[in-house]
Amino acid sequence: MVLYNLAFYFFSLITLASASVVVFSKNIVHSAFALLFTFFGVAGLYVLMMADFLAITQILIYIGGIMVLILFGVMLTNRTIDVQIRTGSIQTFPAMLIVAALAGTLVGIFWSTDWKISPTAIGFEKTAPEIGKMLLTNYLLPFEIASIVLLVALIGAAMIARREKKA
Amino acid sequence: MNFLGIGTLSWITFLPILGMIAVLLLPKENRNAIRWTALAITFLQLVAAAFIFFNFNRGLAGINTVEGMQFVEKVSWINIKGVPWFGKIYVEYFLGVDGLSVPMVLLTALISFVAVIASWNIEKAFKGYMVMLLLLDTGMMGVFVSLDFFLFYVFWEVMLLPMYFLIGIWGGPRREYAAIKFFLYTLLGSVLMLLAIIALYFSVTIPDPTTGEKIYTFNMLAMMNPANFEPGSLLAGTSTYWRYLAYIALFIGFAIKVPVFPFHTWLPDAHVEAPTAISVILAGVLLKMGTYGLLRIGYPMFPDAANHYSWALAVLAFINIVYGALCAMAQKDFKKLIAYSSVSHMGVVLLGMSAMNTQGMLGAVFQMFNHGTITAMLFLIVGVIYDRAHTRDLDAFGGLAITMPKYTGIMTVAFFAALGLPGLSGFISEAFSFLGAFQTHRYITIASTLGIVLTAAYMLWTLQRVFLGQPNEKWAGLPDINGRELAALVPLAIITLWLGVYPSTMLDIMTTSVNHLVEFVKQGGAAVAMLPK
Amino acid sequence: MQDFIHWLQAPGLNHFLIISGILFSLGVFAILTRRNAIMVLMGIELVLNAANINFIAFSRYITNTLDGQVIAIFVIILAAAEAAIALAIVLNIFQNFNTVNVDELNQLRD
Amino acid sequence: MSPETIIQLSVVILLLPLLGFTLLIFFNKRLPRQGDWLETGILFLALALSLVVFAVKMVSYRHETFQATFTWVNFGNVPGFGPMKLELGIMVDNLVAIMLVVVNVVSALVHLFSIGYMHGDVRYGRYFAYLGIFTFSMLGIVITNNFWMMYVFWELVGLSSYLLIGHWFEKKSASDAAKKAFVVNRVGDIGMFTGIMILFATFHTFTFSTIFESMQSGNIPLGSEAWLTAAGILIFCGAIGKSAQFPLHVWLPDAMEGPTPVSALIHAATMVAAGVYLIARAFPMMTADALMFIAYIGAITAFISATIAIAQNDIKKVLAYSTVSQLGYMVMGLGVGAYTAGFFHLVTHAMFKAGLFLGSGSVIHAMHHALHHAGDHHTDPQDIRNMGGLRSKMPITFWTFLIYTLAISGIPFTSGFLSKDEILAGTLAFGSLTGHKIIPIIGFFVAGLTAFYMFRLVIVVFFGEHNDHHRIEAVRESPKTMTIPLMVFAALSFFAFYSPNPFGAASGWFFDAIHRPESVVPLAVAAVGIETFEEALHHSHSLAMILSLTVAGLGILIAFTTYYWKKISADAVADKLKPLHTFFLNKWYFDEFYEWMFVGGTKGLARAYAWFDNRIIDGIVNGVGSWTKAITLGTRQNWEEGSIASIFYLGITGVISLYVGWIAGAAMMPFGASLGTMVGYGMLGLAVAGLTFFLFYVGVGGFDNSIVDGLVNATAYLAGFLGLLTRRVQTGKVQTYLAFVILGVMVFFLWFR
């Protein structure tokens, strides 16, 4: 139980801290790397919620795929040498206000709502086979569509990113 | 009657779609491939139409009995159960032809074929043009073969869109105006028709083919049987206020297509702005849909209203005939003149329909076919002269008979056919319409004969202004009509001549159905036994 | 005070939700404030993660089914796709305008 | 020869010219001599065959009538009637046999004549083709046994007449005349068609015999004798058109724009006689009133055109009007009941009038060449005042022409004498029976006029001396192809061909072959019976002969004294009767009247309707469009400021808004409200009215822009003011809007928790 608590606070800390780095860091490369830790922390939280399969997926896709993408994006769009690498921010103060309000609201609501936590919420044994079944039964259509979306995204990304000659 | 397990009517309807796909796959630079594909497709369609014509059993009446229909294809298309407050939606893919539709099918196939020839040298976006043309072809054919109201309406709208683009993109200087006008007019018609359809839908029930419980239906033939009208439903009973209202809505919907007098002003603009082939299709086929729809739907479904308003129809017909002729006489633009002459000639169809007897209706249906061929010729002729001289001003010409003798020859045939010269098909249908109408509406018909003189007057006046007199040296160099244009015109001319001499070729197809329809309407739609062969 | 500590000692649904809420807000902040398109993207990723946490938390504590997790999977899939496309667009924009600052991109034609 | 053979032969005769037409219209350029020999040969063959048919009919089957029918259209099992068919077919009785010969004789000879006359014409081959189709249609009219085919061929001769009148269509006058001929004939034709409709509505068939039998059994059109008479008169309208009877006679003189042989064939001998033939065919169904109408129309026509003919100077115009007047004679003859005489006159007149036209053609031909030779292109070769003394120049033409003139003036030993005399006797009988004395009076007066103007023509053209010689010194007699037909027609103008007795046709074969058919109309409305009529005829016969001889002699005498011995100066007389003369010279101003009344009227009406169509109907359509736009966009975007439309729109909308305001204010005002309340409600009403009007003015769309959107923006400003104290609200930045979204979401959260 204690271990659980520790794990929880540990991961939450990682997540939030790295997330704040992502958000507040002036150096985009730093943010990118911080984001990596955020994802890792979130994955940990997944584990704590007994979503082992998801945790793995998270690590694989986000850290393995998306992060790489983003890093590529950073590298390609910022000549690392010049000052462009420090990215400016706008409307910081008003945004601050809004976000503060938002966070306040959300937290307040999460806090004050009394959730109907099901008594039998003991969590799951092993999720992967179940998820597999569900994906191929109830969620077959979304699953297929998702695959198509991915394909389209693949092709589309290739198309768009292709550097065509300026006529 | 099947080929590759698909019925003749489906073939004849969807061949153009195949052609459309083929054309879409072709590179747009390769104009030859495109035009030859389109030509081949329309030719196949023509062959199919001929097949229908020759294998059509002249003894069967059709109209309201599925046994009487021929080449029938009937499969459940949309079948949704338990729709809230709607019950079960049951739409059939129901095709079939009888004596009313076969001439129209022939006409559509013929005109489409001719139209492709006529649009051989479209400069602008040739590929897109042909695609639209073929799509339009499917729409038109579908309207004439579908026996399910839902299907009918779908085809009706399918036909509307390509027409809008064909006028709006490939048209003349005022094309946008004309296209929008055409579109809005037709849309208004469609809306009214839709209202009538809905009213009918919620009044007519048939036993479900599978379970047998009562369901609403779009089946036209079911809608023609008074026994199928739910007691107490909106359109139940006979000669009720709502039935008249529905009939009028339906009538206006079709009248706009015909076009009947107050709703006709889209026609001159559309015809003038549209490219030649499209004017040909407009006048040749689209106008017929109005009268066809009235005969196929308005009359058998609302026989009481049809009888009740036949005098009004006759009056409108009279207005169309005389008013159209007079307007035509005043025109300076060749194409506008032909357009108004269409108004006048369609008036004859209406007159024949208002007769409510065999001669009249036979004349009307036959006039629909003949007007299709003859007006097509007229518009092609205008197209020929416009391609050469790039003007349609009647007073700009003169003496073309000397510069273009061949052209003048074929034009003479067309003009005299249009003014109803005996020996050419136009006369017979007009004469029958008048003969029939006289027995029902004596004085209106006598008044309408005035149109015959007026038509002769403005046709001959035009002929004189354009072709006779001293040759206008400005057009001295005009080349005579060429082989392609002849290929489009001569078949129509031959048909006109043949049907003028021996109309039975076409009439035999219609008589049984028309007689049945007349009987059916006369009996107020009371179930009529099939007439003996 | 006492029960707050007590609350802290028993991490449950609320905890996760609050984490996700904060994460969400941070993401939104990034989206709102940063001029660099890629930063905006990162913000979006954060938001998505926050959402995922919610999904899983609810499926864990309330419905006690795996549906939430499946949804989360889809979210991840879409996030991947979205990232790919977005980055491609960013690259393209960069090639055409030589900048990735969203506030300078007020036209879609070049 | 069996009846079948006769029928088959007649069909062959009918189809031969059509064959000629088909060949020539397509191949005339490729054939040698443009195929005139082909067409002419075909015609002579047809003539031979028709002579055979005629002979056989007269010798062996004088009293039979042969019919052959076929089903043309099968109406199937017509509701309320049973099986119905349209039977068409041909019939051969004496009338047909004779007409076949007449048509073919004239046609063949005209073909022959044309070879010389049209020599070297631009459309030589096509001309012969047109002659072919005309002959075909004319034979069709003759040979048919039903009204339908009658009408069909009726229109077809109209077509061929149109084509031939317009043969030289480069001339505006020619194409005008052609158009006029067709349209005027159409007017008559719709009358005829209406008559046919009346008959069909009752009898459901077109065949003469069937209709007449059914009528005899007491079944009359639409069950009323009025309709029966109407049917008769309407059918006769066709004849009015084709036979150029008053009031539709105006097209025939203009038709002289066509080549002269065409005038001879179509507009003198055959086509114009078709009307008479039609009356003869439909004779049994004519009621007394219808016949009276016909008789009067004939008489009026004969009189009017005779008076006009006196004053004309164009040789063909004179002949044209004399034709009209002679047709009037025939119609009058049939009208009064002298059936045989009327038809007889048709035959004889066909011969000598065709001859007259061909003769005039020969003269014009010669004049034309002479003038051409003299290099004179101003003189009109058709004006008789430019002729004179041609007797010696072209003897054959002169002598034949003289014979025709004698015939048409009704001098004994000519065919014209026989027929005309019978007609006049008929009119006398009619006058004595019905008391309509005016008809015989007109008849005899016109006979005198005819003799006068015909001899005027002969004298002025052929006798006397020409004012200047060199103009006509080059005039030569026409070639054989032209003179032979002249001689043949001249021969055919003698009595011997029709009756052994030069003073009475009654003893001839013709009167034996052609009998007035029994009327089939109910006795109450029938004309005087045959026996009664024959009786009266017998009495009036000798009187008629004397009278006609007197008036004819008188006419000739006056003609000679005026134009030959110059005892009376024609000009002096003309001056003395100036108004009358100009009135006749200008053809009673019929053309001018019709031009003004009908042509002008129709064109004016057409323009009016076109305007109506363009401005009113289309205006309404476009108006609906632009008003819809006005209501959505408001006036400013729709019309330019101060345009009529916009002012109109504002006016209307102003009224509407005031009304709305009134409803809102006054109508809602409680009874007995105090002054203050009233003022308050008034204010309210005014406010509402102003708001409505503003709404109309800016349009719904404008309202949307200025008010609704305004509110939206206001909230945005507010939110911006609350959320971020910056004015950068409407920056097109994603973030900004996202911020608003978030705010909104938050608001919802706080609201619904």
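Figure 1. Once its neighbours within four places in sequence are left aside, C:Ala50 is in contact with C:Ser20, C:Leu23, C:Phe24 and C:Gly27.

**Figure 2. The contact of chain A with chain C.** Chain A brings 70 residues to this contact, and chain C brings 62 residues. On the side of chain A that touches chain C, the elements giving two or more residues are α1 (2–24), α2 (28–48), α3 (52–77), α4 (92–112), α5 (127–136) and α6 (140–161) of chain A. The largest share of that side, twelve residues, is supplied by α3(A). Sorted by kind, the residues of the side of chain A that touches chain C are 46 nonpolar, 21 polar and three charged.

**Figure 3. Helices α12 and α18 of chain D, side by side.** The axes of α12 (residues 288–311) and α18 (residues 438–462), both of chain D, come within 9 Å and cross at roughly 25 degrees. Angles under 35 degrees count as roughly parallel, and α12(D) and α18(D) are therefore described as roughly parallel to each other. The crossing in which α12(D) passes α18(D) is left-handed. Among the residues that meet here are D:Ala295, D:Ala299, D:Ala302 and D:Phe303 from α12(D), and D:Val446, D:Leu449, D:Phe452 and D:Tyr453 from α18(D). The residues of this contact divide into 13 nonpolar and two polar, with no charged ones.

Figure 4. In chain B, the peptide bond from B:Val258 to B:Pro259 is cis, and its omega is near -5 degrees. B:Pro259 is placed in the loop between α8 (241–257) and α9 (266–273) of chain B. In chain D, a cis peptide bond joins D:Phe246 and D:Pro247, with omega about 5 degrees. D:Pro247 is likewise a loop residue, lying between α8 (225–242) and α9 (251–254) of chain D.

**Figure 5. Two residues of chain D with positive phi.** D:His204, a residue other than glycine, has a positive phi near 50 degrees, and it sits in the loop between α6 (172–203) and α7 (208–216) of chain D. D:Tyr589 is exposed, because it has 12 other C-beta atoms within 10 Å, and the label applies at 12 or fewer.

**Figure 6. Confidence along chain B.** The mean pLDDT of chain B is 87, and 97% of its residues reach 70 or more. Over residues 527–533 of chain B, however, the pLDDT is below 50, although this stretch has 15 contacts in the model beyond near neighbours in sequence. Where pLDDT is low, predicted coordinates should not be read in detail.

Methods
Residues are numbered from 1 along each chain as its sequence is written. Chains are lettered from A and ligands numbered from 1 in the order in which they are written. This is a predicted model: local features need pLDDT of at least 70, side-chain atom pairs count only at pLDDT 80 or more; totals for chains, interfaces and linings use all residues. Helices (H or I, at least four residues) and strands (E, at least two) are DSSP runs, numbered from the N terminus. A residue is buried if 20 or more other C-beta atoms lie within 10 Å of its own, exposed if 12 or fewer, and partly exposed in between; C-beta atoms are placed from the backbone. Two residues are in contact if their C-beta atoms, placed from the backbone, lie within 7 Å. Ala, Val, Leu, Ile, Met, Phe, Trp, Tyr, Cys and Pro count as nonpolar, Asp, Glu, Lys and Arg as charged, and the others, Gly among them, as polar. pLDDT is the predictor's confidence in each residue, from 0 to 100. Axes are lines fitted to C-alpha atoms, for helices over the stretch in contact, and angles run from 0 to 180 degrees between N-to-C directions. Angles under 35 degrees count as roughly parallel, over 145 as roughly antiparallel, 65 to 115 as roughly perpendicular and the rest as oblique. A crossing is left-handed if the near helix is turned anticlockwise from the far one by less than a right angle, and right-handed if clockwise.
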